[in-house]
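Subject: Structure handover

Hello,

Here is the structure for you to look over.

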Amino acid sequence: MIDQPSDHGGTRTPSGRLQAFSDGVFAIAITLLVLDLAVPARDQVGAGGLGSALAHQWPSYFAYLVSFLVIGIIWVNHHTMFSMVNLVDRSVLFANLGLLLVVSALPFPTRLLAEYLTAGADAHIAAAVYSTTMLAMGVAYSVLWIAVTRDVGLLHKHVDPVAARAALRRFGLGNIAYLATIGLSFVNAIATLAVHGALALYYCFDQLATPHAGRPDDDTG
């Protein structure tokens, strides 16, 4: 497809390359998570044996599971969003990069929280870093949604502006919860991680779903 001029300036290009690049980043980020699951060394296993050593690493398993769900669900929702998109412009490309910036960084706060989840006062700092990263992810996703829906010419199907704003409000409820988890981090780090798991389940449902109508320029004759 030949690049097309955008209603908002610049050019519009097919969304395929953006989706392929994004899929690669998601795949790398979700794979990096598993590298933090360490096998206990034989010479470091105590009197309790291998079973005890594996059980002692439960924070790593917990953090891995939650972050795997988060990245996986972001990917599913990203795929759903771009199933509506035919073309992208520079605003969408940069907004998508903002989301990928956070996604690619998620293995770091995951490892940090896994390491310090039961470390007393330091657990609160680690949980706050993790929660702040999740808040940044939610905000970045909201910005991407705004960038995609602001120009009907980018979409396969017309999204009613009222429906788009309502969908953004539903999605934004999770951002408010992410903000609250930063405060919860300084109360109980384990509970904070559990709440992030619950929020991941909330986003299993497509919070940005909107009823579609035909594009205004569709041939209805």
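The second largest pocket is lined by Thr-11, Thr-13, Pro-14, Arg-17, Leu-18, Phe-21, Val-88, Asp-89, Arg-90, Leu-93, Asn-96 and Leu-97. Strand 2 (11–14), helix 1 (16–34) and helix 4 (90–105) each give two or more of these residues. Helix 4 has the largest share, four residues. The space in this pocket is about 240 Å³.

This is a predicted model: local features need pLDDT of at least 70, side-chain atom pairs count only at pLDDT 80 or more, and totals for chains, interfaces and linings use all residues. Residues are numbered from 1 along each chain as its sequence is written, and side-chain values use heavy atoms, with hydrogens and water left out.

Terms, briefly. Helices (H or I, at least four residues) and strands (E, at least two) are DSSP runs, numbered from the N terminus. On a 1 Å grid over the protein atoms alone, a cavity is a set of points where a 1.4 Å probe fits but cannot get out; a pocket is an open set with protein on both sides within 12 Å along at least five of seven lines; lining residues have an atom within 4 Å of a point. A volume is the space filled by probe spheres set on the points, which are joined across faces, edges and corners.

The largest pocket holds about 350 Å³. It has 15 lining residues, and His-56, Gln-57, Ser-60, Ala-114 and Glu-115 are the closest to its centre. Helix 2 (49–56), helix 3 (58–82) and helix 5 each supply at least two of the lining.

There are two cavities of 30 Å³ or more. Helix 3 gives the most to its lining, four residues. The second largest cavity holds about 40 Å³. Its lining includes Ser-60, Thr-110 and Ala-114. Helix 3 and helix 5 each give two or more residues there.

Last, the helix contact. The axes (lines fitted to C-alpha atoms over the stretch in contact, angles from 0 to 180 degrees between N-to-C directions) of helix 5 (residues 107–116) and helix 6 (residues 121–149) come within 9 Å and cross at roughly 155 degrees. That makes helix 5 roughly antiparallel to helix 6 (under 35 degrees is roughly parallel, over 145 roughly antiparallel, 65 to 115 roughly perpendicular, the rest oblique).

Best wishes
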